[in-house]
Amino acid sequence: MATIEIRDLRLSFGALDVLKQLNLDIAEGEFIVLLGPSGCGKSTLLNCIAGLLDVSDGQIHIGGRNVTWEEPKDRGIGMVFQSYALYPQMSVRGNLSFGLKNQRLPKAEIEQRIARAAKVLQIEPLLDRRPAALSGGQRQRVAIGRALVRDVDVFLFDEPLSNLDAKLRSELRVEIKRLHQQLENTMVYVTHDQIEALTLADRIAVMRGGVIQQLADPATIYNKPTNLFVAGFIGSPSMSFLDGHITSAGGAPAFRTGDLTVPLAGYDGAVPAADGRAVILGVRPEHVTIGPDGAGGLPATVDIDEPMGSDSLVWMQFAGQTLSARTAPGHGLAAGQQVGLGFDPTRASLFDRDSEQRF
Amino acid sequence: MANPQILASTVVGADAVAGRLDGPTGPRPRRALSRRNVILYGTLIVIALYYLLPLYVMVVTSLKGMPEIRLGNIFSPPVEVTFQPWVKAWSEACTGLNCDGLSRGFWNSVRILIPSVVLSIAIASVNGYALANWRFKGADVFFTILIIGAFIPYQVMIYPIVILLREIGLYGSLTGLVIVHSIFGMPILTLLFRNYFTSVPEELFKAARVDGAGFWGIYFRIMLPMSLPIFVVAIILQVTGIWNDFLFGVVYTRPDVYPMTVQLNNIVNSVQGVKEYNVNMAATILTGLVPLVVYFFSGKLFVRGIAAGAVKG
């Protein structure tokens, strides 16, 4: 078990700052997911932790030891790559034992560790095959096994499931979660897939432009995104954003867009004073209720219906802006139909339009 | 889709061909003598003949006696097959003071070839590996200089190298020539290996580093076993290049260690006595045999290696 502490980490390639003054504390046995769009620096950060990239400034501590200048092999880490990165000319057994032979461990110890890892990952029948003779899922198991046999405290995953098809991905996702529960290692997992992030993580670090935007548990990230970027990035189908400003409706603060007013009573956060400040209201599709027209709801027009099996996504025109709502399938709504919408202000998010921060 | 005619014919044809619709079925028939094939294969055959005819003339001439050659029918097969010219070319032809034929040159060439090929490929592959995977400061500058080296005409460097070799006492020796060949092979071979190693996924290299392998560990245990095709290409390039070299051989060695090509020239271009065309032909074929054999036995690997290494920048 080991903690990871990253202090003021900076990495530049020439004039380009990929990571800027990055600080991150990872607790013992924690599963941290680094999430962000491509080019946000999440893989770079992982490579820095692994020691595969030299940092420009700052420190990295693993298990209380300053490893900033250490070689990857001396950092007590195991790493799993997106492309599996199995040595093609070696058998599975050879792949698993390569690192151990480099450590000059005794033969019996190597055998024992391979046997244990193979048992955990259920790749025992594959040990004498070459990587070319394995399927994608099997290859990734072997790649995980290669990290496993090293008997390290920290596992680093670099988009390990991105090369797999959807079905295998969800299977292996569960396996990785089970593995974490079983081993209780510290794990750092890089992905651009928010489902992986939300399902696996103890805490998620959402990154953009080399900066961590929000570091919190999945529920907080989902329900209280700290800024507009996180709100838009997390959630599928994504959050709808409505432009408007703050007004006062009968003494209580309210959100006004066009000629419609949405009450904000019970909003979870500090609503700014009713000074007409420009704001953006973010509403998740599942928090919008659709009722019949004229039944006290806010008027909207149905645009497009997207049935998705378990539920249905309805796109609507609301005060000249686009809004989506998640509803049960078979709702019988047709394009052009007038409906009345209901918002739950306790579950909405309000952002300042200039700073894009959540109130 | 719902063409009424097809529907109608389906009903009729259903009995006859068990449910198949009218029209083409299975693979499209191809005519062997289509215009495309005739032009394609015709061109190939003509070009093949164009290249093979000189070889044919050489072989038949080398198997004739001098009286028969004097008749002038260079395309006619030998009436009386004789291997005497081959024997003479290999072990009796005179160049300068030595009269032991091409065999001397052959063994000289072998003694030049093997160390040159091994040395140049060993160094260039490590160069390429370092340039591709261990990016050091100034790597790009180093690489650019190396590539420019490939474009400098050899003639410019001949005399400076003569002086250099003289100063270190290797001028005229086989060792000197081996060094020259190794150096001149460096730019193109390094480029070849660098491009090949660049195409190896970077994650493989990273995984090996996490697994604790160092510079040589990764080179010998990961990279080398993966790069057989590019080594074959390098070997072919070097074997044919060095074997066929004439310029460096004649400049940097002395007559008793002349490579085979230089000796061949001396036999064929000797101005004394009768021109023995049959011996000359036999000597030429003997000299060209080594590259020919290399090409024959490595054809497929050669193509694979070229495709894998040389294309990607």
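**Note on a predicted two-chain model**

1. A:Tyr84 sits in the loop that runs between β6 and α2 of chain A; helices (H or I, at least four residues) and strands (E, at least two) are DSSP runs, numbered from the N terminus. The phi of A:Tyr84 is positive, about 70 degrees, although the residue is not a glycine. A:Tyr84 counts as buried, at 9% relative accessibility. Buried means under 20% relative accessible area, exposed over 50%, and partly exposed in between (1.4 Å probe, protein chains only).

2. On the basis of the values: this is a predicted model, in which local features need pLDDT of at least 70 and side-chain atom pairs count only at pLDDT 80 or more, while totals for chains, interfaces and linings use all residues. Residues are numbered from 1 along each chain as its sequence is written, chains are lettered from A and ligands numbered from 1 in the order in which they are written, and side-chain values use heavy atoms, with hydrogens and water left out.

3. Chain A as a whole has eight helices and 20 strands. Its C-alpha trace spans about 80 × 45 × 35 Å along the principal axes. Of its 359 residues, 49% are buried. Among contacts (heavy atoms within 4.5 Å) in chain A with a separation of 6 or more, 67% are between residues 24 or more positions apart.

4. A:Arg104 lies in the loop between α2 and α3 (107-121) of chain A and is exposed, with a relative accessible area of 73%. There is also a cis peptide bond between A:Ser236 and A:Pro237, with omega about 0 degrees; A:Pro237 belongs to the loop between α8 (228-233) and β11 (240-249) of chain A.

5. A:Lys42 may be worth a look. This lysine lies in helix α1 of chain A and is buried, at 5% relative accessible area. Leaving out residues up to four places away in sequence, A:Lys42 touches several residues, including A:Glu159, A:Thr191, A:His192 and A:Met207.

6. The largest nonpolar core has 96 residues, of which A:Leu45 and B:Tyr252 touch the most other members. Such a core is a set of buried Ala, Val, Leu, Ile, Met, Phe, Trp, Tyr and Cys residues joined through side-chain atoms within 4.5 Å. A separate, second core of 46 residues includes A:Tyr84, A:Leu161, A:Leu164 and A:Phe233.

7. At the interface, 27 residues of chain A are in contact with 14 of chain B. The two chains bury about 1,700 Å² between them, 59% of it on carbon and sulfur atoms; buried area is the accessible area (1.4 Å probe) that two parts lose on being put together, summed over both. Between the chains there are two salt bridges, a salt bridge being a side-chain nitrogen of Lys or Arg within 4 Å of a carboxyl oxygen of Asp or Glu. One salt bridge joins B:Asp211 and A:Arg150, with the closest N and O atoms 3.9 Å apart. On the side of chain A that touches chain B, α2(A) gives the most, with five residues.

8. A:Gly51 lies in the loop between α1 (42-50) and β4 (57-62) of chain A and is buried, with a relative accessible area of 6%. Apart from neighbours within four places in sequence, A:Gly51 is in contact with A:Pro72, A:Arg75 and B:Arg209.
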